[in-house]
Amino acid sequence: MGAPGSSMTGTEAHGGGKPSSEPTVLGLLWILPSAVLAILFATLLPTIAAGEVIRVGFAWVPSLGINFSLLIDGLSLTFALLISGIGVLIVLYSNTYLAGHPQLGRFQLFLLLFMLSMLGLVLADNLITLFVFWELTTVTSYLLIGFDHASAKARRSALQALLLTGAGGLALLAGLIMLGLAAGTFELSEILANGDAIRAHANYLPILILVLAGAFTKSAQFPFHFWLPNAMAAPTPVSAYLHSATMVKAGIYLLARMHPALGGTEVWVWTLTIFGAVTAVLASIMALRQTDLKLALAYTTVMALGTLTMFLGGTATVAIAAAMTFLIVHSFYKAALFLVVGIIDHGTGTREADQLRGLARAMPITAIAAAVAALSMAGFPPFLGFIAKELKYEGALAVASEPAFVATAAVLANAMMVAVAGIVALRPFFGQPLPTPKAPHEARFAMWIGPALLAALGLLFGLVPSLIAGTLVQPAVSAVTGQQESVYLALWHGINLPLMLSLLTFALGIGLYIVHRQVRARLARVEAALPISADEAWDRLLDGLKWLAAIQTRVLQSGVLRNYLFIVFSTLAVMVGATLLIAGGVRIPQAFPSLLVKDWAVVALIAAGGILTVFAKSRLAAVCALGVVGIGVALVFVMFGAPDVAITQLLVETLVVVLVAVVMLRLPFLEPDRKTVRRRFDAVLAVVVGVVTTLTLIAVVQGPIDRTIPDFFEAASVPDAYGRNIVNVVLVDFRALDTFGEIAVVAIAALGAYALIRGVRKRRES
Amino acid sequence: MKSLILRTATRPLAALMLLFSIYMLWRGHNEPGGGFIGGLIAAIGYALYAISHGAAAARRVLRVDPRVIAMVGLALAIFAGLVPAFSGEPLFTGKWLFLGDYEGGSGLPLSTVLLFDIGVYLVVLGSVLALVLALEEET
């Protein structure tokens, strides 16, 4: 555990851009796509709120059941609105924040691609489509986190996020395919309607584990939490976008989406509750430990993700409602606060909590936005955060499994949130101003409008919760539970247990805020005493992987041709031999097949060639003798009516002899270094391979031959492919894709060999 | 190799082999043959020339770098596979054109399948020659 990024202090590099550079009006065009999409989604609100579900799409790979189909219901629309709406503000903000940056255009493109991937992910109605977009978000977020590619730290963080979420993505792919097979369809809407059958399926547990592996890595659940704070190497607008509304919520979306299909079982409830609770509490402790405002916010995001996971583990409607409401409110305040930290960073040149005081005088609008967002985060009335918190406590108490555990975790995490909200968003603005690297100044309109608007929404929806209760929360909750629910949001619920817990939270949180510097110092000592942090463990893991790769390369890739051949042939003998034994052995035919004179002649030719090869005194003679064996085999093909194969065999043998002869002419005439021990060993291996191959052939000939495929080719060759030579028709028509793969391999292998030959020559010349 | 007999005999022999290789390529769809076999025969013809006249002379008569031949072949094969995609059919579906007569009749059959086979021919020829010539020069 600990603070992987505790070394990350001060301001982030602006990649050579001068903060004073003027934002361009043309850059505002990047807003268009997200704005149009946001308006489009907003017009769908009444339809969805009325309980309808929209499905559109077209067939993609119909033979595999893969469709590009979209499903718009309460859950996906809520996400889509958050993604596109906050996207508009982020694009607007970035245009000013990164003004003058030489790669601003690239940045906005990455951002747009990321937004589209994210929208595809939340709107997909097909498991495979969902997965494709899931991976696209991984790739685009890699580009965004590593945007400052000149910094080694940014590259490391980007790679870490990529590897970790990519590994989770692979697990998810396996899980989704198993889920699709279990359900008999890859369409989500059909799977979700069939939850009972899936939960009763024999593969339910593996499916669940694989899907959760994907969701937990993406949403930074303990013990995969460490990549998220490291991802703060990205420019602040990216952090605001990826860690408020999107990327990290992809895992949450997946959990919510799968709830009707996989949720509600005991395994689901316990896994989500425990992982979520542990993540939430640990992350909020780590958030208290940070001095960098951005890092503190990053850990509170992990805390929020833990909380969301914990509540999605619940089955009661109120728990789901708590999760959905908290999802919305968290997106608002977290995006706002990240943007505020960006403004502070931009305006003062530092993000260190202890260096920032009294900024309200210099940046009044930012201060108000920060205060409003922070109060929502801390869960004070009359903000939406308060409603979400009350719902959380109500939901925690309604959890069937372990209400005391969930409620305790929620209260602890929320109390620390109150303290962190104070540290991050209130303390820097009040008190006596401290000197900062740059003279603080108010941000431009394009930068403060985002946080101001988001903070205002948190207040507006808190005062008039009915604005979102029926339009967003209720349809989303219905989509998660899989049945029509009615959700009612209100500030005042009467004097009850949740309110008491709220008061307790405030008391604890304010207490923590007062003593937070002592707490932070103590946490720093604990952290220093820990043997290893998750981030260091990750490095060890990667080092171990590289070490293993180096070892096995040294063993397997010795560079000695004889060793390669030995490995190949002994593997062949052992694997095929073992398979033969396990499959019940081979019946040796009693009657020896009667052979004609010409058959005997071919056998004699092959045998003579083999013996000559072994006892030849020179390499050239051995190669020629081997060619004789090949010609004998070609004769066998001719006798069994395969002229094409025979011709090919003959030509290849000729070429091999020519090629090897060309090489051999340059090698020493005799082979003085051959040891008899080694020769005997080679002989044993050769005999074993020969015997195993013979036995295999006998076994193959004894089995019944399935005529389906030859019959099909015989029947279809002339009418469908206008060709009488079936071998060639198969090569160039029926299985042309295979042939294409093969000629590609031939060409690439030739290029590789060519480069090797030339490389040797160059080395010799120099 | 400095054998005068080999040098003299190679010229007509190599030319014949090239002609024969194209014949094998052309007849492949109905009789034993095809792009792979044709490509091998052509490669052996050139290899013979390279052994008797030297790699530099073989490169001169070839005019094009063998690696380019292989890549052109690969491109032809891809193109042949892509053609049916323009009419919405699966990749690598054979498309036929019977010049001068009705389908399946005695017209001149042209097809993406033949184009694909020519691609195979060129890949095999180019790849084998790239190796043979490089090895010949490796002295």
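**Figure 1. Helix 1 of chain B and its packing partners.** The buried residues of helix 1 of chain B pack against helix 2 and helix 5 of chain B. These buried residues are B:Thr10, B:Ala14, B:Met17, B:Ser21, B:Met24 and B:Leu25. Here a residue is buried if 20 or more other C-beta atoms lie within 10 Å of its own, exposed if 12 or fewer, and partly exposed in between, with C-beta atoms placed from the backbone. Helices (H or I, at least four residues) and strands (E, at least two) are DSSP runs, numbered from the N terminus. The model is predicted: local features need pLDDT of at least 70 and side-chain atom pairs count only at pLDDT 80 or more, whereas totals for chains, interfaces and linings use all residues. Residues are numbered from 1 along each chain as its sequence is written, and chains are lettered from A and ligands numbered from 1 in the order in which they are written.

Figure 2. Helix 1 (residues 4–27) of chain B has 24 residues, which at 1.5 Å a residue should span 34 Å; the expected span is 1.5 Å times one less than the number of residues. The end C-alpha atoms of this helix are 35 Å apart, which agrees.

Figure 3. Chain B has five helices and two strands, in the order α-α-α-α-β-β-α along the sequence. Strand 1 (residues 96–99) and strand 2 of chain B pair in the antiparallel sense over four bridges; pairing requires that DSSP finds at least two bridges between two strands. B:Leu99 stands opposite B:Leu108 in strand 2. In strand 2 (residues 108–111), B:Pro109 and B:Ser111 form the covered face, and B:Leu108 and B:Leu110 the uncovered one.

**Figure 4. The side of chain B that touches chain A.** In this interface, 41 residues of chain B are in contact with 38 residues of chain A; contact means that the C-beta atoms of two residues, placed from the backbone, lie within 7 Å. Helix 2 (35–53), helix 4 (66–86) and helix 5 (112–137) of chain B each give two or more residues to this side. Helix 5 of chain B supplies the largest share, 14 residues. By class, this side of chain B has 27 nonpolar, nine polar and five charged residues. Ala, Val, Leu, Ile, Met, Phe, Trp, Tyr, Cys and Pro count as nonpolar, Asp, Glu, Lys and Arg as charged, and the others, Gly among them, as polar.

**Figure 5. Nonpolar cores.** A nonpolar core is a set of buried Ala, Val, Leu, Ile, Met, Phe, Trp, Tyr and Cys residues joined through C-beta atoms within 7 Å. The largest core has 203 residues, of which A:Ala336, A:Leu337, A:Val340 and A:Ala373 touch the most other members. Helix 14 (residues 317–348) of chain A gives the most to this core, with 22 residues. Beyond its neighbours within four places in sequence, A:Val340 is in contact with A:Thr366, A:Ala369, A:Ala370, A:Ala373, A:Ala425 and A:Pro451. Another core, of 63 residues, lies apart from the largest one and includes A:Ile743, B:Ala77, B:Ala130 and B:Leu135.
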